[in-house]
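Student: I have the model open. Can we test some of the terms used for it against their definitions?
Tutor: Gladly; here it is.
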Amino acid sequence: MDAIVKNFPSQTDVDGRPSQKEAEDAVRVLLRWAGDDPQREGLIDTPTRVAKAYKELFSGYDLAAEDVLGRTFEEVAGFDDVVLVKDIAFHSHCEHHMLPVIGRAHVAYLPEGRVLGLSKIARVVDIFGRRLQTQESMTAQIAAAINETLRPRGAAVMIEAEHMCMAMRGVLKQGSTTLTTTFTGTFKTDAAEQARFISMVRGFR
């Protein structure tokens, strides 16, 4: 007699991620490790809330920058000067401590016959921000995504951010800001264009 094999649903998603229940159980473990009781009234729904919040905070893993940047516009009436979107607010998380990184990104490019919808630049910042990050990597990733998709004459990215891993723990330095830049193409080879980008970012605040 042949054995009857039953295929039960896997505890993991199709992409290998732990299930919702496993994520919630992990939060309960952390609550116990911190010294609290996950079963007390105020914490009973906390694991579900944390898993839901993390799904939103790390939604960048489910999105691809090339999909967002895929559509460009060629009817630009001969415009070929700097396009700058500045003061793009973002929230990310440090990959070393999983604590918030709060800042602003300034993104510019020199068009080569095509331009992007301005909202797409802000969305790309969000895609990379909503992942576990280092600020240095995030800066380079935004520039690379614009460079690879749009093929401009150059791209420039500046990020200014406060890291809660410095403000809430460790050296406890509230208010300190980290600044990173990445330049490609003309912005990298032409010091005057770099200076103009920085001047445009710093001006008209």
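Tutor: Two strands pair if DSSP finds at least two bridges between them. Keep in mind that this is a predicted model.

Student: What makes β3 and β6 a pair?
Tutor: Pairing takes at least two bridges. β3 and β6 (residues 154–163) have 10 bridges, in the antiparallel sense. Therefore they count as paired. Within this pairing, Tyr-109 stands opposite Ala-155 in β6.

Student: Why are β5 and β7 at the edges of the sheet?
Tutor: The sheet is open, with 5 strands in the order β5-β2-β3-β6-β7 and mixed pairing. β5 and β7 (178–185) each have a single partner strand, so one side of each lacks a neighbour in the sheet.

Student: What packs on the sheet?
Tutor: α5 does, touching β2, β3, β5, β6 and β7. Its direction makes about 155° with that of β6. Helix α8 (residues 191–202) lies across β2, β3, β6 and β7, at about 45° to β6.

Student: Which residues of α4 are buried?
Tutor: Buried means under 20% relative accessible area. Lys-120, Ile-121, Val-124, Val-125, Ile-127, Phe-128 and Gly-129 are buried. Their cover includes β2 (83–94), β3 (100–110) and α5 (135–150).

Methods
Residues are numbered from 1 along each chain as its sequence is written. This is a predicted model: local features need pLDDT of at least 70, side-chain atom pairs count only at pLDDT 80 or more; totals for chains, interfaces and linings use all residues. Side-chain values use heavy atoms; hydrogens and water are left out. Buried means under 20% relative accessible area, exposed over 50%, partly exposed in between (1.4 Å probe, protein chains only). Helices (H or I, at least four residues) and strands (E, at least two) are DSSP runs, numbered from the N terminus. Contact means heavy atoms within 4.5 Å. Axes are lines fitted to C-alpha atoms, for helices over the stretch in contact, and angles run from 0 to 180 degrees between N-to-C directions.
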